[in-house]
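The questions below are intended for a reader meeting this structure for the first time.

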Amino acid sequence: MNRIGKNKDGSVLILTVWVLCYLSILAVGAGNMAFSRLLFAKYAKNRLVSYYLAKAGIEKAIIMIEADEDKGVVSFNIPILSNEDAFMEYPCDTGFFSVCYAVSLEDEGSEGGKRFLYGAEDESSRININKAPSGVLQKLLVNTADARPEEAYEIANSIIDWRDKDSNLSDMGAEEQYYSELDIPYHCKNSDFEVPEELMLVKGMNADIFSRISDIITVYGNGKVNINTAGKKTMLALGFSPEFADDVEEYRKGGDGVAGTDDDMVFMSPSEIRKAGLLSRADSDAVNFLSSDNILGVDSDVFRINSTGFILKGDERYSRRIICFVQRKKGDIPLILRWIED
Ligand SMILES: [Ca+2]
Ligand SMILES: [Ca+2]
């Protein structure tokens with residue numbers, strides 16, 4: 001009997017150990033799951049707060065754009081384009097927002113790196129693919145994307161055909177028939193580009209060319225490139241020499257050598273670009289060519305607001321970005337043209 005009793009006790013002990021092991025595993029699993037959920041909840045909450053901080057930056061910029069008195073000239077030293085007090089790591093509730101953009105993109109990757117201005121970016125500092133004539137598009141493709149002249153001619157005319165309402169085929173261009181005969185056919189738009197990425201649908205365009213021009217093109221504005229805000233890369237795309245583009249940038253900075261300050265020099269009309277420096281024959285020809293096509297301007301009514309909301313918690317940083325394109329309307333609230341969230 002004693003032996004049977006001892007065996008029974010042993011079995012109970014083993015069973016108890018197994019049950020304890022099982023319960024321990026369950027407890028550890030439940031603990032891990034709760035911890036993961038807690039981490040995720042913290043991450044989700046901080047991302048949501050960052051989103052609303054970014055949105056606050058957008059709202060602030062829109063209010064300032066609405067309040068800005070349109071003086072017929074847009075330059076880096078107006079409050080909406082350069083305003084560190086209003087847009088640089090602006091404290092808001094538990095975090096911050098920054099609204100900023102890079103200038104002098106040509107310097108990207110160079111030792112000097114990029115310089116940022118705090119405020120909304122002038123969309124007319126870019127070349128409008130909905131308005132630019134074939135000649136300007138060809139210059140853009142050759143000078144910025146290293147396209148061969150005949151390749152640039154074909155793509156530029158195809159861009160014109162894509163956006164014009166008619167179905168008249170430009171030389172080497174493409175209308176409905178070309179697109180309807182592709183392996184995966186689609187219609188020719190015969191209307192304005194709504195986003196720059198739509199260029200990828202146009203005959204002759206490819207990802208390499210698009211990636212090279214994407215930071216200096218836009219689908220908004222009246223088609224005139226603002227010579228007060230155009231970066232060096234845009235000026236080179238338009239056919240100016242690097243020397244003259246540098247002269248324009250230096251001239252605009254004023255006496256302190258910094259863009260976006262009170263002493264900036266402002267071009268009041270397109271022809272004043274000649275004041276920036278000594279023009280070579282080629283630069284003079286470029287100015288004449290662009291002036292005859294009415295491509296140069298000094299004003300703008302569309303702005304890109306690139307706002308990042310962020311929270312810093314110890315070593316951790318949570319951030320969200322919103323990019324919003326707005327059009328200034330006289331006597332009315334600005335019109336939101338596009339809204340992008342990361
Ligand atoms: Ca067409
Ligand atoms: Ca200055």
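Q: Which exposed residues does the face of helix 8 turned away from its buried side carry?
A: This is a predicted model. In helix 8, the buried residues are Phe244, Ala245, Asp247, Val248 and Arg252. They cover an arc of only 155° around the axis, and therefore lie on the same side of the helix. The face turned away from that side carries the exposed residues Pro242 and Glu243.

Q: What is the average pLDDT of the protein chain?
A: The pLDDT is below 50 over residues 105-111, a stretch that has 10 contacts in the model beyond near neighbours in sequence. Across the chain, 95% of the residues score at least 70, and the average pLDDT is 92.

Q: How far does helix 8 reach from its first C-alpha to its last?
A: Helix 8 covers residues 242-253, which makes 12 residues. At 1.5 Å a residue, a span of 16 Å is expected. The reach in the model is close to this, at 17 Å.

Q: Which helices are included in what covers the buried residues of helix 8?
A: Among the buried residues of helix 8 are Phe244 and Val248. The elements that cover this buried set include one helix at 232-237 and another at 281-292. These are helix 7 and helix 9.

Q: Which elements do the buried residues of helix 3 pack against?
A: Helix 3 covers residues 134-145, and its end C-alpha atoms are 16 Å apart, which agrees with the span that its 12 residues should have at 1.5 Å a residue. Its buried residues include Val136, Leu137, Leu140 and Leu141, as well as Gln138 and Lys139. They pack against strand 5, helix 4, helix 6 and helix 7.

Q: Is Asp146 buried or exposed?
A: Asp146 is found in the loop between helix 3 and helix 4. Its phi is positive, at about 55°, although it is not a glycine. Because Asp146 has 12 C-beta neighbours inside 10 Å, it counts as exposed.

Q: In which loop does Met172 lie?
A: Met172 is not a glycine, yet its phi is positive, at about 65°. With 16 C-beta neighbours inside 10 Å, Met172 counts as partly exposed. Its place is the loop between helix 4 and helix 5.

Q: What is the bridge partner of Val326 in strand 11?
A: Strand 11 covers residues 335-341 and is hardly covered, since the count of buried residues among its 7 residues is 0. Strand 10 and strand 11 run antiparallel and are joined by 6 bridges. In strand 11, the bridge partner of Val326 is Ile336.

How values were computed. Residues numbered from 1 in each chain as written. Chains lettered and ligands numbered in written order. Predicted model: local features only at pLDDT ≥ 70, side-chain atom pairs only at ≥ 80, totals over all residues. pLDDT = per-residue confidence, 0-100. Contact = placed C-beta atoms within 7 Å. Helix = DSSP H or I, 4+ residues; strand = E, 2+ residues; numbered from the N terminus. Expected span 1.5 Å × (residues − 1). Buried ≥ 20, exposed ≤ 12 C-beta atoms within 10 Å, placed from the backbone. Arc of directions from axis to C-beta. Pairing = 2+ DSSP bridges.
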